[in-house]
Amino acid sequence: MTGEPGELAAQLAVLRDTFPGYRFRRRDFRGVPCYVAEARCAADAPLAAARSPEILADMLAAAAGRPVRLRSAAVAAAYRDRLMTVKQCAAMFGVSRTTIMKFLAAEGVALRRPGDDVDEQAMVTAYRDERLSLHGCAARFGISQRRVAAVLGRHGVPRRPVGRPPRRLPHASEVR
């Protein structure tokens, strides 16, 4: 595909014929020209966008359950542009997560990890000073309890015992 106007119009015509339930447009997202597919009825299917008509067609075909030749560019577009997870991409394209990761590596797409941008000092403060549990810290910062424990270990914060805090027994003067 050379990207000439006639060729693009032909690609969009093929998309319109193949997926009659969609409208197709060309839009710029943050300065990047993309092809957008919108379902004619909002309840039918979600909005899809890709950098080329071929990739958009592959994404729509995979979402519709049609067999497609898996292209690494389509996988990268779904992961990078639509912010899908590796697991969601694997389900959409009908392959394993390992295959998705291989395609992303081939395209040079860096994997996202939850919590890469977490403020570790805030997490340490929440655990130590606010007395939040590992579970509470994990929920607040959107990462796993294991990642919280690793951060606490890196910062040398001693872990509290697991379970409920011990109940304070009443003093003899408090008992009637």
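Because the model is predicted, local features need pLDDT of at least 70 and side-chain atom pairs count only at pLDDT 80 or more, while totals for chains, interfaces and linings use all residues. Residues are numbered from 1 along each chain as its sequence is written, and side-chain values use heavy atoms, with hydrogens and water left out.

The protein chain holds eight helices and three strands, where helices (H or I, at least four residues) and strands (E, at least two) are DSSP runs numbered from the N terminus. Read from the N terminus on, these elements follow the order α-β-β-β-α-α-α-α-α-α-α. Of the 176 residues in the protein chain, 32% are buried, a term that means under 20% relative accessible area, against over 50% for exposed and partly exposed in between (1.4 Å probe, protein chains only). The accessible surface of the protein chain comes to about 11800 Å², and carbon and sulfur atoms contribute 54% of that surface; such areas come from the Shrake-Rupley method with a 1.4 Å probe, and for residues only the protein chains shown count as cover.

Helix α3 (residues 72-80) contains Ser72, which is buried with a relative accessible area of 19%. When residues up to four places away in sequence are not counted, Ser72 touches Phe103 and Glu107, contact being defined as heavy atoms within 4.5 Å.

From α6, Glu120, Met123, Val124 and Tyr127 meet Val148, Val151, Leu152 and Arg154 of α8. The residues of this contact comprise six nonpolar, no polar and two charged.

In helix α7 (residues 134-141), the residues Leu134, Gly136, Cys137 and Ala138 are buried, and what covers the buried residues of α7 includes α6 and α8. After α7 comes Gly142, whose phi is positive, near 70 degrees.

Cys137 has 0% relative accessibility and therefore counts as buried, and Cys89 is likewise buried, with a relative accessible area of 0%. A search of the whole structure finds zero disulfides, a disulfide being a pair of cysteine sulfur atoms within 2.5 Å.

Conventions:
Ala, Val, Leu, Ile, Met, Phe, Trp, Tyr, Cys and Pro count as nonpolar, Asp, Glu, Lys and Arg as charged, and the others, Gly among them, as polar.
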